[in-house]
Amino acid sequence: QYQRVLLASFLINRPTVLLLDEPFSNLDETLRQELMTQLKALILEREIMVLWVTHQTGEALSFADHIVLLHHGSVEQQGSAQELFFKPKSIFAAQFFGHNNLYAIHHSNHTS
């Protein structure tokens with residue numbers, strides 16, 4: 001409930017930019033999905049730019065138009081969710097998005 005009230009209080013002021021740092025980290029999966037769906041609809045409707053900090057790859061892939069993947073404080077890779085997922089530019093990026101066949105990813109990046 002606290003997260004809902006807090007988000008609602010911020011959205012009442014109709015911000016143009018919203019910074020969210022692990023906003024749903026303490027929620028169970030069902031509630032997290034419900035809130036993400038509601039929040040995404042509001043953000044799109046009100047055209048709010050969101051900077052969303054998360055370690056949850058599912059949140060990043062389903063929510064983001066543009067992802068900036070950081071590794072030890074430096075930008076490892078950036079682009080659309082599809083670019084980062086299907087064309088990771090490093091072993092770290094591949095592992096972050098759950099790829100297990102690192103040879104195939106490494107090989108495909110050098111042949112294209």
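Mentor: His72 belongs to the loop between strand E3 (67-71) and strand E4 (74-79); helices (H or I, at least four residues) and strands (E, at least two) are DSSP runs, numbered from the N terminus. The model is a predicted one, in which local features need pLDDT of at least 70 and side-chain atom pairs count only at pLDDT 80 or more, while totals for chains, interfaces and linings use all residues. Residues are numbered from 1 along each chain as its sequence is written, and side-chain values use heavy atoms, with hydrogens and water left out.

Phi of His72 is positive, near 55 degrees, although the residue is not glycine. Most residues other than glycine have a negative phi. His72 is exposed, at 74% relative accessibility; the term means over 50% relative accessible area, against under 20% for buried and in between for partly exposed (1.4 Å probe, protein chains only). Glu22 also has a positive phi, near 50 degrees. This residue lies in the loop between E1 and H2, but Glu22 is buried, with a relative accessible area of 18%.

Arg32 is placed in helix H2 (residues 29-46) and counts as buried, at 9% relative accessibility. Two salt bridges are found in the whole structure, the criterion being a side-chain nitrogen of Lys or Arg within 4 Å of a carboxyl oxygen of Asp or Glu. One joins the side chains of Glu29 and Arg32 at 3.0 Å, N to O. These two are three residues apart in helix H2, so about one helical turn separates them. Glu29 is partly exposed, with a relative accessible area of 45%. In another bridge, the side chains of Arg32 and Glu59 meet at 3.4 Å, N to O. Because Arg32 lies in helix H2 and Glu59 in helix H3 (residues 57-63), this pair ties together parts that are 27 residues apart in sequence. Both Arg32 and Glu59 are buried.

Beyond its neighbours within four places in sequence, Arg32 is in contact (heavy atoms within 4.5 Å) with Phe24, Ser25, Leu27, Gln56 and Glu59.

In the largest nonpolar core, which has 13 residues, Leu20, Phe24, Leu39, Trp52 and Phe63 touch the most other members. Such a core is a set of buried Ala, Val, Leu, Ile, Met, Phe, Trp, Tyr and Cys residues joined through side-chain atoms within 4.5 Å. Helix H1 (2-12), strand E1 (17-21) and H2 each give two or more residues to this core, and H2 supplies the largest share, four residues. Leaving aside neighbours within four places in sequence, Trp52 is in contact with Leu20, Pro23, Phe24, Met36, Leu39, Glu59 and Phe63. Another core, of seven residues, lies apart from it and includes Ala60, Ile67, Ala93 and Phe97.

As for the whole chain, six helices and four strands follow the pattern α-β-α-β-α-β-β-α-α-α. Of the 112 residues, 29% are buried.
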